[in-house]
Amino acid sequence: MRARIAAVERYLKHRPGMIGIVLRDRSTGAVWRNKYAGSHIYMASTSKLAMAVTLLMQDHAGVIHLSSTDRAVMYQMLHVSSDNAADDLWFKYGASFYTSYFRRIGLTGARYLHQPGVSGPYWGGMTSSPPDERRVTTS
């Protein structure tokens, strides 16, 4: 773990901006956080992961039925990080579909920032903290 922390600190030394990092040793459970680990940062394409988790869990629960087309679009959203695919799924199911579920998958502190030309919450304008992100990927 010490070697990983040192490698992260070396990497961050030459990076601009604010980068929040949380390292967790899966064997021991030990956790290390840098000084920005609790800071809200743009989720960028990681919000696509939250969308996919929401879609798959809601499909599994029988709330929605993902068609083969939906699954193909989701594949494009994740595999090539397609913003157009994310837009298609976001607007097809609606912001409230996702926002009402995000807390359940660990995004307890996610926020939406106003995006020019977009009314209401939008996947491309989300912020969260590294602990939120970790909860989504380990739920």
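Start by selecting Gly-62, which sits just after H2 and takes a positive phi of about 85°. Keep in mind that this model is predicted.

Now step back to helix H2, residues 46-60. Its 15 residues reach 21 Å from the first C-alpha to the last, close to the 21 Å expected at 1.5 Å a residue. Next, color its buried residues: Ser-47, Lys-48, Ala-50, Met-51, Ala-52, Thr-54, Leu-55, Gln-58 and Asp-59.

Move on to helix H3 (residues 68-79) and helix H4 (residues 83-93). Two packed helices are described by the angle between their axes and the distance between the axes. For H3 and H4, the angle is about 135° and the axes are 8 Å apart. H3 is therefore oblique to H4. Show the side chains at the contact. From H3, pick Asp-70, Val-73, Met-74, Gln-76 and Met-77. From H4, pick Ala-85, Ala-86, Asp-88, Leu-89, Lys-92 and Tyr-93. By class, this contact has seven nonpolar residues, one polar and three charged.

On the H4 side, select Leu-89, Trp-90 and Tyr-93. On the H5 side, select Ala-95, Phe-97, Tyr-98, Thr-99 and Phe-102. Seven residues of this contact are nonpolar and one is polar, with no charged residues.

Note on methods
Residues are numbered from 1 along each chain as its sequence is written. This is a predicted model: local features need pLDDT of at least 70, side-chain atom pairs count only at pLDDT 80 or more; totals for chains, interfaces and linings use all residues. Side-chain values use heavy atoms; hydrogens and water are left out. Axes are lines fitted to C-alpha atoms, for helices over the stretch in contact, and angles run from 0 to 180 degrees between N-to-C directions. Helices (H or I, at least four residues) and strands (E, at least two) are DSSP runs, numbered from the N terminus. Angles under 35 degrees count as roughly parallel, over 145 as roughly antiparallel, 65 to 115 as roughly perpendicular and the rest as oblique. Contact means heavy atoms within 4.5 Å. Ala, Val, Leu, Ile, Met, Phe, Trp, Tyr, Cys and Pro count as nonpolar, Asp, Glu, Lys and Arg as charged, and the others, Gly among them, as polar. The expected span of a helix is 1.5 Å times one less than its number of residues. Buried means under 20% relative accessible area, exposed over 50%, partly exposed in between (1.4 Å probe, protein chains only).
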